[in-house]
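Here is a short tour of one model. Please keep the sequence and the 3D view at hand.

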Amino acid sequence: INTSKKITNLIMRNDSIYASTSSGIYFTTDYGNQWIHFNNYNFQREVKNLDFLGNDLIIASNTGVYKVDSQAWYSSSAGIYGITPKSLDYTGNSDLFYCTSTGIFKSTNQGIDWFDLDLTRFWGECTFIFNANNYFIQSSDRLFYLSTDFGNNWINTGSFIVHNTCLAFSKD
């Protein structure tokens with residue numbers, strides 16, 4: 001990858017590594033020796049995050065969410081507004097979560113339609129992780145929220161951060 005490109009996310013699938021960058025998606029099949037534009041990349045926008053949805057990539061960019069197959073790019077942003085993407089996560093049970101600067105959006109139909117989750121609670125820099133039907137979100141209000149029913153209801157689990165916002169965390 002050209003060193004002038006900012007890498008925003010890396011994921012591995014089978015024997016390939018995919019990178020979202022400030023000017024598109026690249027992939028490598030030889031552990032980074034050679035990087036190739038994905039899908040003859042003509043979508044010259046910053047890709048903030050990506051994940052796989054079946055065999056297709058789903059990406060978050062400053063202009064919305066897109067599905068990408070081997071042939072074309074398809075907009076999947078119906079219902080999303082005020083977007084500055086932070087993360088995009090596919091839970092494996094057909095739920096997609098899209099964290100933005102204005103809140104969190106959820107799709108239950110593989111990104112065709114989106115609805116917002118209590119934007120008064122989830123706003124700004126947020127991070128999402130999941131394990132089975134347990135979803136965990138850290139929001140910029142310095143609080144952590146847990147859902148044990150696929151994101152339908154949330155409980156505040158408290159905060160351990162006093163003065164700063166956590167920008168990322170992960171699961172083991």
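## How β3 meets β4

In this predicted model, strand β3, residues 24-28, pairs with β4 in the antiparallel sense. The pairing runs over 2 bridges. Look for phenylalanine 27. The bridge partner of phenylalanine 27 is isoleucine 36 in β4. Tyrosine 26 stands opposite histidine 37, also in β4.

## The sheet around this pair

Step back to the sheet. An open sheet of 4 strands has the order β1-β2-β3-β4. Its pairing is antiparallel. β1 (7-13) and β4 (36-37) stand at the edges, and each has a single partner strand, so one side of each is left without a neighbour in the sheet.

Now turn to β2 and β3. These strands run antiparallel, joined by 5 bridges. Isoleucine 17 has threonine 28 in β3 as its bridge partner. β2 and β3 form a hairpin, with 2 residues between them.

## β3 under cover

How many residues of β3 are buried? The count is 5 of 5, and the strand is mostly covered. Both faces of β3 are covered. On one side are Gly24, Tyr26 and Thr28. On the other are Ile25 and Phe27. All of these residues are buried.

## Serine 16 in β2

Is serine 16 buried or exposed? Serine 16 lies in strand β2. Its relative accessible area is 13%, under the 20% cut-off, so serine 16 is buried.

Which residues does serine 16 touch, not counting residues up to four places away in sequence? They are Ile11, Thr28 and Thr29. Thr28 belongs to β3.

Most residues other than glycine have a negative phi. Two loop residues are worth a look here.

Start with asparagine 14. Its phi is near 55°, a positive value in a residue other than glycine. Asparagine 14 is placed in the loop between β1 and β2 (16-21). Asparagine 14 is exposed, with a relative accessible area of 68%.

Next comes glutamine 110. Its phi is near 60°, again a positive value in a residue other than glycine. Where is glutamine 110? Glutamine 110 sits in the loop between β11 (103-107) and β12 (115-117). Glutamine 110 is partly exposed, and its relative accessible area is 38%.

Side chains of opposite charge can pair when their charged atoms come close. How many salt bridges does the structure hold? The structure holds 1. In this salt bridge, the side chains of aspartate 95 and lysine 106 meet at 3.7 Å, N to O.

Aspartate 95 lies in the loop between β9 (85-90) and β10 (96-100). Lysine 106 lies in strand β11. Are aspartate 95 and lysine 106 buried or exposed? Both are buried.

Notes. Residues are numbered from 1 along each chain as its sequence is written. This is a predicted model: local features need pLDDT of at least 70, side-chain atom pairs count only at pLDDT 80 or more; totals for chains, interfaces and linings use all residues. Side-chain values use heavy atoms; hydrogens and water are left out. Two strands pair if DSSP finds at least two bridges between them. Buried means under 20% relative accessible area, exposed over 50%, partly exposed in between (1.4 Å probe, protein chains only). Contact means heavy atoms within 4.5 Å. A salt bridge is a side-chain nitrogen of Lys or Arg within 4 Å of a carboxyl oxygen of Asp or Glu.
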